[in-house]
Amino acid sequence: MPETPRAPRTRDSEAAKARLLQAATDEFAAHGISGARIDRIGAAAEVNKAQIYTYFGNKDQLFDIVMDTHVSRILDEVPFVPEDLPGYSGRLFDFLIANPHQLRLATWNRLERTGRDTSPVQLAASMERKVAEITRAQADGLIPMTFTAEDLLTFVLALASAWTPASPVIPAALEDAALRAHRAAVVEAVRRLVSG
């Protein structure tokens, strides 16, 4: 009986990497950086844990890759338009409600890495770019200068994430009508922040 042809190793390693990234996302979102365990990530991905080190380096490097992957996804799916911060806050609200791991990862990053020199590259670059774009929009008179660009971005991000599943004030599950009402409130609050 002829042997079934085996898929190329490249495809095998890409599939293993994808499973590892998903398992690492789940593990880091649930337990943070310190509480995450490489052996649990390997078991969940059905991959030898030695492969994690081969593909991604140590646990901190793996977390950086997970964060950068998720930041890239936000950048792709939630366009940032500084002239329309209310619209951006609504789109970000929708994304965070649909992707609760996103905020959990960002929260663990803030909690466990405050004051450290390491920061996921995409995250730092994204924040710097957004602050620069708001600064330009303020200089062009498109956004009032009531707040610094950095403060304004911080307020927008905080408002957009206030009702996410990672928030301590959100009920376990919100009805669609309640979500729509909270989204509208977020958009209106940001509109008021940027109205002249």
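A: Among contacts in the protein chain that join residues at least 6 apart in sequence, 67% are between residues at least 24 apart. The model is a predicted one. Its protein chain holds nine helices and zero strands, and the order of elements from the N terminus is α-α-α-α-α-α-α-α-α. Of the 196 residues in the protein chain, 36% are buried. The accessible surface of the protein chain is about 11,100 Å², and carbon and sulfur atoms account for 56% of that surface.

Now to the core itself. The largest nonpolar core has 20 residues. The members that touch the most other members are Leu20, Phe28, Ile41, Ile52, Leu62 and Leu105. Two or more residues of this core come from each of α1 (9-35), α2 (38-45), α3 (49-56) and α4 (59-77). With seven residues, α1 supplies the largest share of the core.

Leaving aside residues up to four places away in sequence, Ile52 touches Leu20, Ile38, Ile41, Gly42, Gly57 and Leu62. Three of these partners, Leu20, Ile41 and Leu62, are also listed with Ile52 among the core members that touch the most others.

Key: Residues numbered from 1 in each chain as written. Predicted model: local features only at pLDDT ≥ 70, side-chain atom pairs only at ≥ 80, totals over all residues. Heavy atoms only, no water. Helix = DSSP H or I, 4+ residues; strand = E, 2+ residues; numbered from the N terminus. Buried < 20%, exposed > 50% of the residue type's maximum accessible area, 1.4 Å probe, protein only. Contact = heavy atoms within 4.5 Å. Areas by Shrake-Rupley, 256 points an atom, 1.4 Å probe, with all protein chains shown as cover. Core = buried A, V, L, I, M, F, W, Y, C linked by side-chain atoms within 4.5 Å.
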